[in-house]
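Please look over the sequence and the structure shown here before reading on. The report is meant for someone meeting them for the first time.

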Amino acid sequence: MATETTGQTASTCVGADGSAIGMPQLCFDWWPNQIFWLVLTLVVIYVVLSRVALPRISAVLAERAGTITNDIAAAEELKQKAKEAEEAYQKALADARAEAQRIAAETKAGIQAELDAEMEKADAEIAARTAESEKAIAEIQASAMDSVKDVAKDVAKDIVGAMGGEADGRTVTAAVNARLKGQAS
Amino acid sequence: MATETTGEESSLVFHPMDQFIVEPLFGNGPVSWYTPTNVTLWMALAVIGVILLLVLGTSRRAIVPNRTQSIAELAYGFVYKMVEDVAGKDAVGFFPYIMTLFMFIVFANFLGLVPTAFTTTSHFAVTVLLALAVFLTVTIVGFVKNGTKFLGLFWVESAPLLLRPILAVIEIISYFVRPVSHSIRLAGNLMAGHAVIKVFAGFAAIALVSPLSVLAITAMYGLEVLVAFIQAYVFTILTCVYLKDALHPSH
């Protein structure tokens, strides 16, 4: 452990066989050299870092952060849009359904109204026909009654004539009428 | 520790400190301050490494980074967060300086792990300069930003009045010991690790012990990989802590 350090030439730090004498770290002959190159190295690294590397990396990092933020915002926006589209679709579906129901109801109502009208018309016709028929029947009945009266008068006159009586037309008619009325009531 | 050659085993020669010798790259002359030496070479490699990683690695400026850019961004985020969390938001202005320290130390440490490499950060000349630079920066910043209030760092307001002068002495001593511990911690760790590996390697000359020796070297190497990063991290985080003291001197 040799400790010769200061103020000696390089040869005192390195032995004749090329191996170190003591700690090369404490060979102060080499210090100026090391310090000079170290200062140069540090200055070069500092200049390179502060002028080129660090601004570039910080720009890249900022850009990436910005891109990520933008992408997230865009995704959020698209999500919102998708939601809106779905809502619009649901609304359209509901509207269509309501419309279909309305049209169905309308059609049904229209058909019902038509049907009612037709029904009414048919009823009226039926009623008219019935009335007509009744009238015809009444007429037929009336005419039949008249015929019966006539036949009865004639028969009564003939019978009275056959019985030998003088048949007074008016009396016979009155009698037949009375008789018919009594029968009828 | 220079040449420990035992009598009966002349093959067993330890030169664990030879790896730290500074020698000129060209020729065999004396080492003056401007001579290109192995220090120059390995520091230049560190600079090239930093440029490859942080400049060329990020040249694509991709939003989706490739591997190299990821590592560069990771390093950036790691140191930036450290500065912000430990030293405070107003210390962000010192970020390029601290990043420079961290990148240099990390690259120098890892390049030193390349077999036959020269480890620049195992030299006190390097670490003392780094630590002194931090110490001076912190002290100057402390006085410029806080004026005489910076001295409040040594005057513990929360302690009883009687104890304060004693504490002040302790605080002042600890403040001035900072650069010493700061520099010796880094250089000492690296030097010790590399020297131990070299000693184990020396034992590999004995056939009987060599498997164990190789195993020990492997284990030490793994440990040294950890140490290389941890020491860079420790140096950087301590710089941040000292910077925090300078910016916010209250206890």
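This is a predicted model: local features need pLDDT of at least 70, side-chain atom pairs count only at pLDDT 80 or more; totals for chains, interfaces and linings use all residues.

## The model and its interface

In it, 51 residues of chain B are in contact with 41 residues of chain A. The size of an interface is often given as the accessible area lost when the parts come together. Here the area buried between chain B and chain A is about 4100 Å², and carbon and sulfur atoms give 75% of that area. On the side of chain B, the residues that lose the most area to chain A are B:Trp33, B:Ile63 and B:Tyr76, which together make up 15% of what that side buries.

## Polar and charged links between the chains

Between chain B and chain A, 13 residue pairs are counted in polar contact, with both residues at pLDDT 80 or more. The rule finds one salt bridge across this interface, and the side chains of A:Arg64 and B:Glu73 meet in a salt bridge with a distance of 2.8 Å from N to O.

Sorted by class, the side of chain B that touches chain A has 36 nonpolar, twelve polar and three charged residues.

## The largest pocket

The largest pocket has a volume of about 440 Å³ and is lined by 19 residues, of which B:Gln19, B:Pro115, B:Thr116, B:Ala117 and B:Lys198 lie nearest its centre. Two or more lining residues come from each of helix 1, helix 5 (164-203) and helix 6 (210-247) of chain B, and helix 5 of chain B gives the most, with four residues. By class, the lining of the largest pocket has eleven nonpolar, five polar and three charged residues.

## The enclosed cavity

The count of cavities of 30 Å³ or more comes to one, and the largest cavity holds about 50 Å³ of space. Its lining consists of B:Ala131, B:Val134, B:Phe135, B:Val138, B:Tyr175, B:Arg178, B:Pro179, B:His182 and B:Tyr242. Helix 4 and helix 5 of chain B each supply at least two residues of this lining, and by class the lining of the largest cavity divides into seven nonpolar residues, one polar and one charged.

Methods
Residues are numbered from 1 along each chain as its sequence is written. Chains are lettered from A and ligands numbered from 1 in the order in which they are written. Side-chain values use heavy atoms; hydrogens and water are left out. Contact means heavy atoms within 4.5 Å. Buried area is the accessible area (1.4 Å probe) that two parts lose on being put together, summed over both. A salt bridge is a side-chain nitrogen of Lys or Arg within 4 Å of a carboxyl oxygen of Asp or Glu. A polar contact is a pair of N or O atoms within 3.5 Å; within protein, one must be able to donate a hydrogen and the other to accept it, and residues adjacent in sequence count only if both atoms are side-chain atoms. Ala, Val, Leu, Ile, Met, Phe, Trp, Tyr, Cys and Pro count as nonpolar, Asp, Glu, Lys and Arg as charged, and the others, Gly among them, as polar. On a 1 Å grid over the protein atoms alone, a cavity is a set of points where a 1.4 Å probe fits but cannot get out, and a pocket is an open set with protein on both sides within 12 Å along at least five of seven lines; lining residues have an atom within 4 Å of a point. Grid points are joined across faces, edges and corners, and a volume is the space filled by probe spheres set on the points.
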